[in-house]
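Here's a quick look at how two chains meet. The structure comes first, then the notes.

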Amino acid sequence: MTTTDTNTELKTQEYLINMGPQHPAAHGVLRLILTVDGEIIHKVDPDLGYIHRSIEKMCERDTYKQIVHLTDRLDYLSSHMNNEAVCLAVENAMGIEVPERVKYIRTIMDELTRLASHQLWWGVMGMDIGALTTFMYAFRDREMINDIMEETVGARLTMNYNIPGGLMFDIHPNFQRRVKEFIKHFRKALPEYNTLLSGNIIFKKRLQGIGYISKEDAVAYGVSGPSARGSGISCDVRKIHPYSAYDKVEFNEVLIEGGDSYDRYMVRMKEMEESMNIIEQLIDNIPEGDYQVKTPALIKLPKGEYYQKVESARGEFGVFIISDGKKSPYRLKFRSPGFSNLSILDKISRGHKIADLVAIMSSLDFVIPDIDR
Amino acid sequence: MGVEKEVKKEVLKDDFPGQVIPAGNGGNIVVGVLDKIINWGRSNSLWPLYFGTSCCAIEMMQTGAARHDWSRFGFEVARPTPRQADVIVIAGTITNKMAPALRKLYDQMAEPKYVVAMGACAISGGPFYYNSYSVVRGADHVIPVDVYVPGCPPRPESLLDAMIKLQKKIRSTKNSERVNPIEGFDEGK
């Protein structure tokens, strides 16, 4: 009879694994250098710069009207909010008061973009966990928003609709009807999302208790947006510093005191409902008026420093401009939500398995060009 | 008759096993039909490598989704690994740091391999052509490109059109004359 000696300790060793830059779950070209022991992650070291396109440096040579179109390419899923941030910064610095009509349209467009972004996130999150069907459902509804955008703006993804002083052109005559049709459709489709994924026991077990962010950590690392609201931190720029028409609408800031991946997931699901509420309050009340105020052909900001933040689909997006009174900024810095949210990845994924890292990354919702700029 | 036998003896050795059909008497026809069959199979089961670096990747996903549905043409098996892919769709900007990785991916793909450059960035650097210090001005400085798709980003219909053009290109190639595209590639010098 042979006996196996169970007292000998299994010798294990740390080793490195490269995840990316070409990886289907990295949502782009993020490279993570993982220090793992077996399948347990000991350290995550993000290596950035694979899509660094020197946008901030390019802004130092462009005029303020030209800068707007570069911001589309930062976080391409919330391109409308990025445009708006630059336009608001320039308008505030110049003291331009935009018409009420512009404010309403901007707010509606913001929320439509947020819906499209969250739909894509939901579809891709399902795919990362292993539920491939969600992708088809999400893109079915996303195409409807793309159609609305295409009709009014002329582009499906990189919109470039805002300019300092208003909008490029007025909304299409069909705009209100089609938005209402979409809201009617999506009110029925969102419960479908919940039955398909949110209550799924496998999905829940993959997310609950994974990637816990405490309140203190979220503040210390500068996490913002839905990822921070999943830890119960009130940080919605739309509520705290209202811009455009957000002070005229009633909506709830979704807060969940949990901190794990499933809570961040639920925050985004509930945010979609709030976005629909905001659109419904505004869509019938768009005031008549101009869609643009006249601005000088070459905008020159007065000497000084300006900061404007907006709530993008991923968190607080800020534009910091230092002007020396010339036609282009002396220095321009983007505060992108993805970069700050990425910084906490190492802390929250230690001790989890590699498959959980994919779930954590999905729940933080990264867009890599937004991080690398 | 006697003259023909003499000619054959000059061409063939005595110990040659089997029978040879002279050229122009059926042999070429078999090869031509085989070409057609191979190209038909190749062009209808192109497996794309999912290489999305930035904005164009979203439009590539839209192309794969229900409305545009590129599986109608046989592209649905999108692979994240180069070893199982036939065509690499470069969807997005290639930066100086990314270029060696792109070349490595291309070298890992099995022959025959094709490249589609999707969007202005992959064609020429696009909006980042001027004043950018870190962007490669076009993916054809790194690997040879077969089809270019203009747009920033291109519509899903444009990508479908490009893939159909690639199918046409594959169908018109003669496999006996096909060369490895990386041979003689000058890397845009």
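## Where chain B meets chain A

Across the interface of chain B and chain A, the rule finds five salt bridges (a side-chain nitrogen of Lys or Arg within 4 Å of a carboxyl oxygen of Asp or Glu). One salt bridge joins A:Glu150 to B:Arg155, with the closest N and O atoms 2.2 Å apart. On chain B's side, the elements giving two or more residues to the contact with chain A are β1 (48-52), α3 (56-64) and α4 (99-108), with helices (H or I, at least four residues) and strands (E, at least two) taken as DSSP runs numbered from the N terminus. Of these, α3(B) gives the most, with five residues.

This is a predicted model, where local features need pLDDT of at least 70, side-chain atom pairs count only at pLDDT 80 or more, and totals for chains, interfaces and linings use all residues. Side-chain values use heavy atoms, without hydrogens or water, residues are numbered from 1 along each chain as its sequence is written, and chains are lettered from A and ligands numbered from 1 in the order in which they are written.

Here is the contact, meaning heavy atoms within 4.5 Å, by chain:

| Chain | Residues in the contact |
|---|---|
| chain B | 35 residues |
| chain A | 37 residues |

The area buried between the two chains is about 3,100 Å², and carbon and sulfur atoms give 62% of that; buried area is the accessible area (1.4 Å probe) that two parts lose on being put together, summed over both.
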